[in-house]
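Trainee: I am new to this structure. Please pick a single part and take me through it closely, then show how it sits in the rest.

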Amino acid sequence: MTRILLVEDNEMNRDMLSRRLSRRGFEVLIAENGQSGVELTISERPDLILMDMSLPVMDGWEATRRIKADPATSGIPIIALSAHAMTSDRELALEAGCDDYDSKPVDLPRLVQKIEQLLAANP
């Protein structure tokens, strides 16, 4: 089963997205801030990470940079999730090391398509 780490501090978003992904056959691991997201990435080695960019303790930008800087976790694809839908936010997420970007509110079919594309490119 494909394991996705969802790094999201908003309980409602976390609950909704984790349930919807679980129903699609994914195993969902959850972190509520960037620091625990980095720690879970190291300990659990998920297949893919969904990273909210506005997080407490350590933001998603820094968490992504740390994950991508570690040779043991640098190959794990990361999709940035943000309520900011500006072109510059997408560019900043990609510069931080994210492999793709999706805006909130999440369009699940679009997000699942991005997940499947990244998983296929990173077997």
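Mentor: Start at Asp52, which UniProt lists, in an unreviewed entry, under "modified residue: 4-aspartylphosphate". UniProt positions are given in the numbering used here, feature names are shortened, and such annotations may be inferred rather than shown by experiment. Residues are numbered from 1 along each chain as its sequence is written, and side-chain values use heavy atoms, with hydrogens and water left out. The model is predicted, with local features needing pLDDT of at least 70 and side-chain atom pairs counting only at pLDDT 80 or more, while totals for chains, interfaces and linings use all residues.

Asp52 belongs to strand β3, residues 48-52. Helices (H or I, at least four residues) and strands (E, at least two) are DSSP runs, numbered from the N terminus. With a relative accessible area of 5%, Asp52 is buried (buried means under 20% relative accessible area, exposed over 50%, and partly exposed in between, with a 1.4 Å probe and protein chains only). Not counting residues up to four places away in sequence, Asp52 touches Val7, Glu8, Asp9, Gly60, Leu81 and Lys104; contact here means heavy atoms within 4.5 Å.

The rest of β3 is covered as well, since five of its five residues are buried. Leu48, Leu50 and Asp52 lie on one side of the strand, Ile49 and Met51 on the other, and both faces are covered.

β3 has a partner in strand β1, residues 3-7: the two run parallel and are joined by four bridges. Two strands pair if DSSP finds at least two bridges between them. Within this pairing, Leu50 of β3 is the bridge partner of Leu6. β3 also pairs with strand β4, residues 78-82, again in the parallel sense and over four bridges. Here Asp52 itself takes part, with Leu81 in β4 as its bridge partner. To get from β3 to β4 the chain passes through helix α3, residues 60-69, and this β-α-β crossover is right-handed. The term right-handed says that, with the strands pointing away from the viewer, the path from the first strand over the helix to the second runs clockwise.

Helix α2 spans residues 34-44 and includes Glu39. Its buried residues are Gly34, Ser36, Gly37, Val38 and Thr41, and what covers them includes β1, β2 (27-31), β3 and α3. Glu39, in contrast to those, counts as partly exposed, at 46% relative accessibility. Computed along the sequence, Glu39 and Ile4 are 35 residues apart, while their C-alpha atoms are 14 Å apart in space.

At the N-terminal end of α2 there is a cap from Asn33, with a side-chain oxygen 3.0 Å from the backbone nitrogen of Gln35. This is a polar contact, that is, a pair of N or O atoms within 3.5 Å; within protein, one must be able to donate a hydrogen and the other to accept it, and residues adjacent in sequence count only if both atoms are side-chain atoms. Asn33 lies in the loop between β2 and α2 and is buried, with a relative accessible area of 17%. Leaving aside neighbours within four places in sequence, Asn33 is in contact with Val7, Leu55, Pro56, Val57 and Met58. Val7 is also among the residues that Asp52 touches. After α2 comes Arg45, whose phi is positive, near 50°.

Arg14, in helix α1 (residues 11-23), is buried, with a relative accessible area of 10%. Its contacts, again leaving aside neighbours within four places in sequence, are Leu6, Glu8, Asp9, Ile30 and Glu32. Glu8 and Asp9 are also touched by Asp52.

Last, the whole protein. It has five helices and five strands, which run β-α-β-α-β-α-β-α-β-α from the N terminus on. Of its 123 residues, 47% count as buried. Among contacts with a separation of 6 or more, residues 24 or more positions apart account for 61%. The C-alpha atoms fill a box of roughly 30 × 30 × 25 Å along the principal axes. The radius of gyration is 13 Å, which agrees with the value near 14 Å that a compact globule of 123 residues would have; the radius is taken over C-alpha atoms, and the globule rule is 2.2 Å times the number of residues to the power 0.38.
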